[in-house]
Amino acid sequence: MITLLLNEKLQTYLDSLIPPRPSLLTEMEAFAKENNVPIMEPAGMELLLQVLRIHQPSRILEIGTAIGYSALRMAYVLPKAQIISVERDPERFSQAINNISHSEAADRIQLIQGDALETVNEAASHGPFDAIFIDAAKGQYRKFFSLYSPYLREGGIMITDNVLFKGLVYETENENRRLAKLAEKINGYNQWLIGQKDYVTTILPVGDGIAISLKRGEIHE
């Protein structure tokens, strides 16, 4: 309990250092909290944005738009980047269109409605990509990675959110069978991901766990 309390205090402290966001984003954060819409945790989002600032991708594919929050965050820190985002839920897709239309980045974000397992050709027509961000159905992470990896440039980065799944990936006991099964799938994805020889992957315990995979290409260690 002491360790947990310290972690919570540390997280609260780190969150307090995050700079203020534009009103549109804070409104979206409030909406997400009130309506249980999954968006990235603050610290995880800041890590994602910092990685993108360093990498400077010009074309990004996002798998899992939700209400458009992360797409807008990425667009704001990369004013020259084009972002393609795929969302299968019609209601979330409609909310994302509305939110993005109220931003100055609307002309740089293109949304695709459909299951990312079935929209590969449409999404790929906008590639190749310098970065791909996976934040959709957790049980399908490996399929998403395999399907879209061919459209990531050499030297590009694949980023996956929620890979620690609230710590359930390393818990040995879980009475909730559905969560236990999903945690097992995510753990399997992590193990598989680390073993991909065409990628160098690091998993960081920030937010809900973020995996950053660098496509090797001509890069040498």
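Threonine 119 touches Val86, Ile112, Gln113, Gly114 and Tyr148, not counting residues up to four places away in sequence, where contact means heavy atoms within 4.5 Å. Threonine 119 lies in the loop between β3 (109–113) and α6 (120–124); helices (H or I, at least four residues) and strands (E, at least two) are DSSP runs, numbered from the N terminus. With a relative accessible area of 7%, threonine 119 is buried. Buried stands for under 20% relative accessible area, exposed for over 50% and partly exposed for values in between (1.4 Å probe, protein chains only).

The model is predicted, with local features requiring pLDDT of at least 70 and side-chain atom pairs counted only at pLDDT 80 or more, whereas totals for chains, interfaces and linings use all residues. Residues are numbered from 1 along each chain as its sequence is written, and side-chain values use heavy atoms, with hydrogens and water left out.

The protein chain contains 8 helices and 7 strands. Its radius of gyration is 17 Å, close to the 17 Å that the globule rule gives for 221 residues, so the chain is as compact as a globular protein of that length. The radius is taken over C-alpha atoms, and the globule rule is 2.2 Å times the number of residues to the power 0.38. Along the principal axes, the C-alpha atoms of the protein chain fill a box of roughly 50 × 40 × 35 Å. Of the 221 residues, 45% count as buried. Among contacts between residues at least 6 apart in sequence, 68% join residues at least 24 apart.

The protein chain exposes about 12200 Å², of which carbon and sulfur atoms supply 51%. Accessible areas come from the Shrake-Rupley method with a 1.4 Å probe, and for residues only the protein chains shown count as cover. There are 22 positive and 28 negative side chains, and the centres of the two sets lie 3 Å apart. Lys and Arg count as positive and Asp and Glu as negative, without His and the chain ends; the place of a charge is taken as NZ of Lys, CZ of Arg, CG of Asp or CD of Glu.

In soluble globular proteins, nonpolar side chains tend to be buried together. A nonpolar core is here a set of buried Ala, Val, Leu, Ile, Met, Phe, Trp, Tyr and Cys residues joined through side-chain atoms within 4.5 Å. The largest such core has 35 residues, and those with the most contacts inside it are Leu48, Leu52, Leu72, Met74, Ile109 and Ile159. Two or more residues are given to this core by each of α2 (23–34), α3 (42–55), α4 (69–77), α5 (90–101), β3, β4 (129–134), β5 (152–161) and β7 (210–215). The largest share, 6 residues, comes from α3. A second, separate core of 23 residues includes Ile112, Val120, Ala123 and Val163.

Leucine 72 lies in helix α4 and counts as buried at 0% relative accessibility. Beyond its neighbours within four places in sequence, leucine 72 is in contact with Leu24, Leu25, Met28, Asn99, Ile100, Ser103, Ala105 and Ile109. The C-alpha atoms of leucine 72 and proline 38, 34 residues apart along the chain, are separated by 15 Å. Isoleucine 159, with residues up to four places away in sequence not counted, touches Leu48, Val51, Leu52, Ile132, Phe133, Ile134, Ile210 and Ala211.

Alanine 32 is found in helix α2 and is buried, at 4% relative accessibility. Apart from neighbours within four places in sequence, its contacts are Val37, Ile39 and Ile67. Alanine 32 and tyrosine 69 are 37 residues apart in sequence and 9.2 Å apart in space, C-alpha to C-alpha. Arginine 142, in helix α7 (residues 141–148), is partly exposed, with a relative accessible area of 46%. Arginine 142 touches Tyr189 and Trp192, not counting residues up to four places away in sequence.

Most residues other than glycine have a negative phi, and most peptide bonds are trans. Asparagine 36, in the loop between α2 and α3, has a positive phi of about 55 degrees although it is not a glycine; at 67% relative accessibility, asparagine 36 counts as exposed. Glutamine 56 has a positive phi near 55 degrees and is placed in the loop between α3 and β1 (59–63). A cis peptide bond, with omega about 5 degrees, joins glycine 127 and proline 128. Proline 128 lies in the loop between α6 and β4.
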